[in-house]
Amino acid sequence: MTYHITSALLGLTIAFGILFLVRRDHLHGPYAVWWLGVAVIAVLLGLFPHITDWLALRAGVGYPPILVIVLGFGLLLIKILTMDLERSRQERQIRRLAQRLALLEVQRPPETTPPDPPA
Amino acid sequence: MDNRMLMTPPGSPIILIPAHNEQDTVGAVVQQIRRLGDWPVVVIDDCSSDDTARVARAAGATVLPLAIQLGAWGATQTGLRYALAGGYPAAVTVDADGQHDPASIPDLLAPLAAGEADVVIGAFPARASRNLRWAWAYFRLLTGLRIEDITSGFRAYGAAAIAVLASHEASLLDYQDVGVLLILRRKGLRLAEAPVDMNPRTAGRSRIFHSWWAVSRFLLQTSILGIARIGFKPASDRRDDPD
């Protein structure tokens, strides 16, 4: 029975950590959806680890824990790939914004640029 | 961008000088250019920590101040967006370190004015070290571009090229040379080369070809760009949002 407790503790800790962060508004909408999904799966697999055995049997996997690892690894890869896609999109936006700012700043004479804060 | 930032009446080419910590040379470059012609001179200050912006302004240039450092291409693109917003028919990019001889600017502009090309690259093959020669040959092989001085930053862009390069599509480039030429070719623009003079004292120095690490990164990133574009046919029918 002990591995049940370990697994449940792990699943619940992950889920509550995620819920805490979402409730504190630390995660932007679309990311919160992904991570809430992760929390649900963590709770399910933590409380009912036999789901894995059942799934593995269906999928013809001889050693059930490896199924969790393979699926988890695949999802991580997808997540990291989409993160880099998102970062590239943001990098483009940041560059465009910096350029736009420079184009706007040039329209003001130099003496109206904000002075350095007084020492 | 609206037309309020139009500084001088269109018709005149604009000179763009991207500069990062070039206070010692940028003033002389600007003055030299202003002595040669009545062109508007714009220095794009790539977040310099020195006096570049003030020196450039004092020399009579318009200064576009970047709030974060975007690198040589990001700064150049800022200038091209400025040129696009102002409706300039041509833009010449000149390095701020005094490497490019402003006296060659008319040679770059002539093929544009004659309608022979959309982009003119200032070529000074004599500057190349053995390594740079090797890199040029490699890029020519990889991209199929028939240009000798493939990494030259001394170029004249016509209105069509300015519009293409000011677009979002060109904003994720990190280097101003091969990737830029590939975009231009893909859009069906005509590239030409013109022999120019460069200052041999500074022409050997390069921002990229000074450390093996920087060179490797440049070669790898540019190779990926080149390989990723294999099979893309030049197309002029594709359209992009202006901004």
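Here are some questions and answers about a predicted model.

Me: In chain A, how are H1(A) and H2(A) oriented to each other, roughly parallel or roughly antiparallel?
Reply: Helix H1 (residues 2-23) of chain A and helix H2 (residues 29-47) of chain A have axes that come within 7 Å and cross at roughly 160°. Angles over 145 degrees count as roughly antiparallel. So H1(A) and H2(A) are roughly antiparallel.

Me: And is the crossing of H1(A) past H2(A) left-handed or right-handed?
Reply: Residues of H1(A) that make the contact include Leu12(A), Ala15(A) and Leu19(A), and on H2(A) they include Trp35(A), Leu36(A) and Ala39(A). As for the way H1(A) passes H2(A), the crossing is left-handed.

Me: How many charged residues are in the contact of H1(A) with H2(A)?
Reply: Ala8(A) and Ile18(A) of H1(A) are among the residues in contact, and so are Val38(A) and Ala42(A) of H2(A). By class, the contact has 17 nonpolar and three polar residues, and the count of charged ones is: no charged residues.

Me: What about H3(A) and H4(A), how do they sit against each other?
Reply: Helix H3 (residues 50-59) of chain A packs on helix H4 (residues 64-105) of chain A with the axes 8 Å apart and an angle of about 90°. Angles from 65 to 115 degrees count as roughly perpendicular. H3(A) and H4(A) are therefore roughly perpendicular.

Me: How many charged residues does the contact of H3(A) with H4(A) have?
Reply: H3(A) brings Thr52(A), Asp53(A), Leu55(A), Ala56(A) and Ala59(A), while H4(A) brings Pro64(A), Pro65(A), Leu67(A) and Val68(A). Sorted by class, these are seven nonpolar and one polar, and the charged count is one.

Me: How far apart are the C-alpha centres of domain 1 and domain 2 of chain A?
Reply: Chain A is divided into domain 1 (1-48) and domain 2 (64-106). Between their C-alpha centres, the distance is 23 Å.

Me: Moving to chain B, which strands stand at the edges of the sheet?
Reply: The open sheet has seven strands in the order S3-S2-S1-S4-S6-S5-S7, with mixed pairing. A strand at the edge has a single partner strand, so one side of it is left without a neighbour in the sheet. The two edge strands are S3 and S7.

Me: Which residue in S7(B) does Val119(B) stand opposite?
Reply: Strand S5 (residues 119-123) of chain B pairs with S7(B) in the parallel sense, over five bridges. Opposite Val119(B) stands Leu191(B).

Me: What angle does the direction of H3(B) make with that of S1(B)?
Reply: H3(B) packs on the sheet, where it touches S1, S2, S3, S4 and S6 of chain B. With the direction of S1(B), its own direction makes about 155°.

Me: Are H5(B) and H9(B) roughly parallel or roughly antiparallel?
Reply: Helix H5 (residues 130-143) of chain B and helix H9 (residues 212-228) of chain B have axes 9 Å apart and an angle of about 20°. Angles under 35 degrees count as roughly parallel. That's why H5(B) and H9(B) are roughly parallel.

Me: Finally, which element gives the most to the side of chain B that touches chain A?
Reply: The contact takes 20 residues from chain B and 14 residues from chain A. On chain B, the elements giving two or more residues are strand S3 (62-65) and helix H3 (71-86). With six residues, the one giving the most is H3(B).

Terms used:
Residues numbered from 1 in each chain as written. Chains lettered and ligands numbered in written order. Predicted model: local features only at pLDDT ≥ 70, side-chain atom pairs only at ≥ 80, totals over all residues. Axes fitted to C-alpha atoms, helices over the stretch in contact; angles between N-to-C directions. Helix = DSSP H or I, 4+ residues; strand = E, 2+ residues; numbered from the N terminus. Left-handed = near helix turned anticlockwise from the far one by under 90°. Contact = placed C-beta atoms within 7 Å. Nonpolar A, V, L, I, M, F, W, Y, C, P; charged D, E, K, R; others polar. Domains from an automatic or database assignment. Pairing = 2+ DSSP bridges.
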